[in-house]
Amino acid sequence: MKVIRTVRGDISPESLGLTATHEHLYCDQRLCRSELDFPGTYAQMVLRDPDLIVAELADFYAAGGRAIAEMTASGWGRDVAVLRGISERSGIHVIAVSGFYVEDCHPDCVADASIEELEELLVRELTVAADETDIRTGLLKSGISRPVIEGPEKKCARAIARAQKRTGVAITTHTSASGRFETKGGNVGMQHLDLFESEGVDPTRVIIGHTDENGDIRQLVALAKRGAYVQFDVIGKIHWLLDETRVELLGQLVDKGYEDHLLLSSDRCREIELKARGGPGYDHVLRDFVPKLREAGFDEALICRILVENPARALAFEPGF
């Protein structure tokens, strides 16, 4: 029987509800070795106030949101105990992630560890516990900071692939700004799939993230055709792409028959993005973007498929542990 592994324990896929598949609730970029490259004067990725996050999630819940896949990996502030507290107080299911963000944010253990050692670390977090707690993670993440997958990031990606093969959980991916406009298709999604498939991973267990930052319909179709999930996860961040353009691209993917491959989220990771600080908040997709989808002809069944059914299928796995 398949389950979804949350910070409060395993639940059935049918219990998950409307889900944002790429958000942050507790993170601290200041723990990384160097400041990452962001456009303009965009603030650092820091969310360290659980009380503020719980208050913000009230709007997400009121808009129908019931679950969040939390994307902060070890190395820049993941704390699964804090995430469990946020989940308990907000009523939101939270799925924590194991894996590795970009090289500058790798935990210190990565540099000298072998692929096999990193694999064992990931499997332990997924099957036993993470962050010196009794809480298990439910998702794997692979972050890439360059136009190619190389060096420590490649080592980590192979460890993630092997951990996926042993556990069955999904892999979600990240591509950093430095590579988005130098890479054919706008991100390294195809490279990720090549590497994962070389390790025996089924592409249908892979979520390609940040595809709506430099969206190329040819790449989006190619990713979906290979079986991967295509995730539009920076919705509302118009310095990358207008939401109206995102709606057009999603419409084209639906017209081509790839509605079962689509996931939506907004990648909140800075206080300036929260409503209390004048930002759009965690409910932007539900309150502002979904109405745009309706205006474009997306019916309620299709919206439910993208926001409820697809996340449940992507995040569910059959545990052997």
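At 28% relative accessibility, Asp131 counts as partly exposed. The model is a predicted one. Asp131 sits in the loop that links helix 3 to strand 9 (139–144). Its backbone deserves a look. Phi of Asp131 is near 55°, a positive value, and the residue is not glycine.

Asp267 belongs to the loop between strand 13 (262–264) and helix 9 (284–295). Is Asp267 buried or exposed? Its relative accessible area is 8%, and the cut-off for buried is under 20%, so Asp267 is buried.

Now turn to the helices. Two packed helices are described by the angle between their axes and the distance between the axes. Start at helix 1 (residues 50–62). Its axis comes within 9 Å of the axis of helix 2, and the two cross at roughly 45°. Helix 1 is therefore oblique to helix 2. The crossing of helix 1 past helix 2 is right-handed. Helix 1 brings Pro50, Asp51, Ile53, Val54, Leu57 and Tyr61 to the contact, and helix 2 brings Val82, Ile86, Arg89 and Ser90. By class, the residues of this contact of helix 1 with helix 2 are 7 nonpolar, 1 polar and 2 charged.

Move on to helix 3 and helix 4. What angle do the axes of helix 3 and helix 4 make where they cross? They cross at roughly 45°, and the axes come within 8 Å. This makes helix 3 oblique to helix 4. The handedness of the crossing of helix 3 and helix 4 is right-handed. From helix 3, the contact takes in Ile115, Glu116, Leu118, Glu119, Glu120, Leu122, Val123, Leu126 and Thr127. From helix 4 come Lys155, Cys156, Arg158, Ala159, Ile160, Arg162, Ala163, Arg166 and Thr167. The contact of helix 3 with helix 4 counts 9 nonpolar, 2 polar and 7 charged residues. The charged residues include Glu116, Glu119 and Glu120 on helix 3. On helix 4 they include Lys155, Arg158, Arg162 and Arg166.

Helix 4 (residues 151–167) also meets helix 6 (residues 189–198). Here the axes come within 9 Å, with a crossing angle of roughly 55°. Helix 4 and helix 6 are therefore oblique to each other. Helix 4 passes helix 6 in a right-handed sense. Lys154, Ala157, Arg158 and Ala161 make the contact from helix 4, and Leu195, Phe196 and Ser198 make it from helix 6. The contact of helix 4 with helix 6 splits into 4 nonpolar, 1 polar and 2 charged residues.

Finally, the aromatic rings. A pair of aromatic rings is described by the distance of the centres and the angle of the planes. How many aromatic pairs are there? The count comes to 1 aromatic pair. Trp76 and Tyr101 form it, with centres 4.9 Å apart and planes at 25°. The pair counts as stacked, because planes under 30 degrees apart meet that rule. Trp76 lies in the loop between strand 6 (65–70) and helix 2 (80–90). Tyr101 lies in the loop between strand 8 (97–100) and helix 3 (115–127). The pair therefore ties together parts that are 25 residues apart in sequence. Trp76 and Tyr101 are both buried.

Notes. Residues numbered from 1 in each chain as written. Predicted model: local features only at pLDDT ≥ 70, side-chain atom pairs only at ≥ 80, totals over all residues. Heavy atoms only, no water. Axes fitted to C-alpha atoms, helices over the stretch in contact; angles between N-to-C directions. Helix = DSSP H or I, 4+ residues; strand = E, 2+ residues; numbered from the N terminus. Parallel < 35°, antiparallel > 145°, perpendicular 65-115°, else oblique. Left-handed = near helix turned anticlockwise from the far one by under 90°. Contact = heavy atoms within 4.5 Å. Phe/Tyr/Trp six-rings, centres within 6.5 Å; stacked < 30°, edge-to-face > 60°. Buried < 20%, exposed > 50% of the residue type's maximum accessible area, 1.4 Å probe, protein only.
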